[in-house]
Amino acid sequence: GDYQLDIMMYELPEDVRQVFHTTEPEGSQSGAEAMTRCSGLGAVAASIGGVVDDYCFAPCGYSCNIHAADAYAMVHVTPQEECSYASFETNYGSSRAPGALGGSVCSNLNALVDRVLQVFKPQRFTMTLFFDDGASAAIGAAPFEEANRHYRRKTYTCTRFEQDYGVSIGVYTSLPSSDTPRSRAGTQAEPTEASLDRKSVV
């Protein structure tokens, strides 16, 4: 099946933001490579067998495309303190990338989400998963069950459109230090019959 994951992350901590500042000129290859390496995105790309095409802005900012066989990932970072933001988009593991995964699609997708969240450490984020019926069973509860391990889910919406396509959207915020993550292993990308008429599940 086909799916696409998009994570929009906000309020990045200072140690993450500083990685995406540079004294190099805009477009500097060494500046971009330093951001890729020091942020941990190089390791994320390596974990999916990807090659990185990166770009640094001056004095701050970053973008990259990751090519992994027929799969892709795209990253954009705006590290200014007053509006810090990072996005990560990928189709890694979908059937449009044959042979990209060895093992469970669900576990691999969860592992990728964990790596991305560890890189950016956002205070809050929105995660959107587009999927067709063919991908739903393979995806299972991923990637939302991984997000639920580290963050508090504020809202969750699942909508069907056309005949065999759906989208699930979860909004997350960081857990207070006194809280422990709550398990929601039952969260599914595929909406149930009962959920189709409900616009939101909290």
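Start with the aromatic rings: the protein has eight aromatic pairs, counting rings of Phe, Tyr and Trp (its six-membered ring) whose centres lie within 6.5 Å, with planes under 30 degrees apart called stacked, over 60 edge-to-face and the rest tilted. Take Tyr10 and Tyr85, whose ring centres sit 5.4 Å apart with the planes at 45 degrees, so this pair is tilted.

Another tilted pair is Phe161 with Tyr165, at 5.7 Å centre to centre and 55 degrees between the planes. Phe161 counts as partly exposed at 30% relative accessibility, while Tyr165 counts as buried at 17%. There's also an aromatic cluster, made up of Phe20, Tyr62 and Phe120.

A word on what you're looking at: this is a predicted model, where local features need pLDDT of at least 70 and side-chain atom pairs count only at pLDDT 80 or more, while totals for chains, interfaces and linings use all residues. Residues are numbered from 1 along each chain as its sequence is written, and side-chain values use heavy atoms, with hydrogens and water left out.

Now step back to the whole chain. The protein has six helices and eight strands, where helices (H or I, at least four residues) and strands (E, at least two) are DSSP runs numbered from the N terminus. Reading from the N terminus, the order is β-α-α-α-β-β-β-β-α-β-α-α-β-β. Of the 202 residues, 45% are buried. If you take contacts (heavy atoms within 4.5 Å) between residues at least 6 apart in sequence, 65% of them join residues at least 24 apart. The protein exposes about 9700 Å², with carbon and sulfur atoms supplying 49% of that; the areas come from the Shrake-Rupley method with a 1.4 Å probe, and for residues only the protein chains shown count as cover.

Helix H2 (residues 29-39) deserves a look of its own. Its buried residues are Gly31, Ala32, Met35, Thr36 and Ser39. On the face of H2 turned away from the buried side you'll find the exposed residues Gln29, Arg37 and Cys38. The cover over the buried residues of H2 includes helices H1 (14-19), H3 (41-47) and H4 (105-120), plus strands E2 (51-56) and E3 (62-68). Just after H2, Gly40 takes a positive phi of about 100 degrees.

Finish with strand E8 (residues 165-174), which pairs antiparallel with strand E6 (residues 124-132) over nine bridges; two strands pair if DSSP finds at least two bridges between them. Across from Phe131 is Gly166 in E8. Strand E7 (residues 151-161) also runs antiparallel to E8, joined by 10 bridges, and Cys158 has Ser168 in E8 as its bridge partner. The hairpin of E7 and E8 has three residues between the strands, and in it Glu162 takes a positive phi near 55 degrees.

How values were computed. Buried means under 20% relative accessible area, exposed over 50%, partly exposed in between (1.4 Å probe, protein chains only).
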